[in-house]
Amino acid sequence: MTWLVWRQHRTDALFALGALAVFVLVAALTGVHMAGTYHAALHSCAATGSCDSVGDHLFSGDGAIIDLINLTVIVPVLIGVFWGAPLLAREVEQGTHKLIWTQTVTRRRWLAGNVVAILAAATFIGVALTVTVTWWSRTFDLIGHNRFQPGHFDVQGIVPVAYALFGATLGLAAGALLRRTLAALAATVGVMVALRVIVVNYVRPHYVTAVTKLVSLTAASSGVDGSSWPLHTHIVDSKGINVTDNGNLVAAMPNACRRLIGPGRVGVESCLDRYGYRMQIMYQPANRFWTFQVIESGIFVALAVVLVGAAFVLVQRDA
Amino acid sequence: MTTRVAIAPVAIATHDLTKQYRAKTALSRCSIEVPEGSVSALVGANGTGKTTLLQILAGLSQATRGEAEVLGRAPTQDPAFLAEVGFLAQEIPLYRRMTANDHIGMGAHLNRRWDSAAARSRVESLDIPLDQPVGTLSGGQRAQVALTLALAKRPRVLLLDEPVAALDPLARRQFIAALGVAVADGDLTVLLSSHLVNDLERVCDHMVLLADSRPQLCGEIDTLLAEHKVLIGPRRDTSVIERAHTVVQAETTARQTTLLIRVRGPLIDPSWEVHDVALEELVLAYMGRAAELSRARQVMGAAG
């Protein structure tokens with residue numbers, strides 16, 4: 001099987017390897033350059049004592065490379081579309097499944113050989129990408145960016161490997177079910193995008209119960225550092241009741257404070273503070289990054305296992 | 001209607017084999033036997049279940065009901081079964097970007113028995129380039145490469161689905177000749193489907209005739225031809241003949257009656273001119289009869 005898989009896919013493999021090499025090279029050059037810029041900026045800001053805001057203007061001219069790094073999030077979809085979906089569907093479309101499944105190799109073994117190859121390739125690409133991107137992002141992380149944001153969380157750590165495995169198996173299972181490359185391709189993209197949107201927006205924030213913190217309305221900072229992931233912020237009254245979200249903040253606030261609202265008036269925050277109003281912040285602390293990575297990776301790897309199982313069942317259908 | 005001829009041990013046997021797709025019955029209670037060492041033609045119009053039958057025998061499809069046995073084994077995803085059976089699908093599937101050499105190398109990796117040397121020399125002897133992508137070869141050359149692969153596996157049963165359908169007459173003749181040589185070489189049972197009867201007569205000794213998803217005839221071609229006669233005589237009542245023999249086809253003009261019958265006993269009436277029947281004539285007569293029966297059944301079904 002190894003011989004056949006390599007003979008069939010060596011061109012694809014070499015092309016992917018070439019693209020990967022170019023990407024790693026670009027990331028390495030820009031990564032070194034950005035680290036240099038950052039350290040130079042640290043030196044100059046230390047002289048003027050303005051280091052608090054050093055990250056605000058840094059790298060504003062590096063949009064193209066930042067976009068490129070963020071774009072690596074679509075690589076798992078590409079693996080699913082170009083390698084996963086055609087794996088079985090193209091054989092059926094070209095009729096070659098009837099050639100290959102009548103050699104002295106069971107379909108199960110034929111599929112196993114191909115699955116091992118595609119999973120190995122997906123793992124390799126996932127690892128290469130995430131090592132590169134995680135290394136490249138270290139300067140950003142030093143500045144204290146929120147690493148839970150999609151552009152960061154999804155392309156760093158271990159989740160890119162899990163996504164790559166999931167993308168590959170999603171394409172494979174779609175191809176095994178639909179047996180048409182184009183339909184499998186569309187299904188792969190559709191399911192992958194939908195699932196990712198759902199996970200990022202509705203599932204990921206709840207992997208671990210968020211930390212809740214009350215801070216004074218007049219506090220200089222939010223009390224949550226910039227590398228944490230703020231989920232929800234609202235004002236509660238002295239009894240702890242949320243008065244922001246139901247829109248009756250003005251109606252509910254004491255008369256003494258309401259009088260301070262309006263053009264040219266100040267002091268409404270300190271007034272509310274005196275009456276026991278507080279800012280309630282719900283967030284995921286920065287040190288949960290790896291816990292979240294492990295949980296999300298676990299979810300996608302588990303889905304990949306199910307999809308591989310489905311492909312093994314579907315391959316037994318009539319040719 | 002089916003006659004079983006049991007001479008040699010049976011290589012392929014099916015019993016009440018039925019394949020039902022969602023709305024359509026592709027094969028209905030099909031029972032056939034193919035003796036070992038024979039070259040059998042699987043004949044029938046398009047859509048009569050030839051491909052379905054061959055795919056079930058090759059282990060590519062599952063029957064809905066009934067049994068199939070190839071060399072005493074049910075077709076399964078088992079290397080022991082797969083090793084014995086060679087299959088060439090109608091589409092002549094090959095990897096277009098791979099060369100003939102690549103395909104032979106692939107076979108060597110995927111089969112226990114594999115004769116790479118014989119396959120290469122066979123392709124070379126046909127003047128087919130070994131190192132060109134097969135996508136650049138002609139249809140006839142591709143068919144020869146595909147047949148070479150099927151033979152290189154050294155199967156004991158070879159199933160060929162319409163192997164000559166896409167070929168021009170010369171390539172068709174070459175293919176049939178090549179098949180004849182391959183069969184003469186060893187202990188090989190071949191079942192090949194076609195709707196072109198004349199091509200098959202050259203190489204086949206047995207025939208299975210499918211029509212209306214059912215086998216209509218099954219046996220040695222010489223025997224089948226000997227059992228059938230064409231009777232020509234003046235126009236008259238044919239009930240005497242119908243009682244003694246099976247009338248497959250009857251044609252009546254104003255003056256003359258032509259019958260194709262399966263002979264069940266002595267032909268005594270001297271007023272009939274008795275002729276031998278040609279294979280194509282026989283096949284067409286049975287196909288026509290099956291079509292009529294099918295129509296009659298539909299009418300009865302609609303009436304009932």
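Predicted model: local features only at pLDDT ≥ 70, side-chain atom pairs only at ≥ 80, totals over all residues.
Local features were considered at pLDDT of at least 70 and side-chain atom pairs only at pLDDT 80 or more, whereas totals for chains, interfaces and linings use all residues, and side-chain values rest on heavy atoms, with hydrogens and water left out. Residues are numbered from 1 along each chain as its sequence is written, and chains are lettered from A in the order in which they are written.

At the interface, 23 residues of chain A are in contact with 33 residues of chain B, contact being defined as heavy atoms within 4.5 Å. The two chains bury about 2500 Å² between them, 59% of it on carbon and sulfur atoms, where buried area is the accessible area (1.4 Å probe) lost on putting the two parts together, summed over both. Of the area that chain A buries against chain B, 27% is supplied by Trp3(A), Lys98(A) and Thr104(A), more than by any other three residues.

Between chain A and chain B, three salt bridges were counted, a salt bridge being a side-chain nitrogen of Lys or Arg within 4 Å of a carboxyl oxygen of Asp or Glu. The side chains of Asp318(A) and Lys19(B) form a salt bridge, with an N to O distance of 2.3 Å. The side of chain A that touches chain B receives at least two residues from each of α1 (2–48), α4 (75–94) and α5 (96–100) of chain A, helices being DSSP runs (H or I) of at least four residues and strands (E) of at least two, numbered from the N terminus.

Over all chains, the whole structure holds 15 salt bridges. Asp102(B) pairs with Arg7(A), the closest N and O atoms lying 2.6 Å apart; because Asp102(B) lies in helix α3 (residues 100–110) of chain B and Arg7(A) in helix α1 of chain A, this pair joins two chains. Asp102(B) is buried at a relative accessible area of 15%, and Arg7(A) is likewise buried at 13%, where buried denotes under 20% relative accessible area, exposed over 50% and partly exposed the range in between (1.4 Å probe, protein chains only).

Within chain B, Glu162(B) and Lys50(B) form a salt bridge at 3.6 Å between the closest N and O atoms. This pair links distant parts of the chain, 112 residues apart, with Glu162(B) in the loop between β6 (157–161) and α6 (169–185) and Lys50(B) in helix α1 (residues 50–57) of chain B. Glu162(B) is buried at 3%, as is Lys50(B) at 4% relative accessibility.
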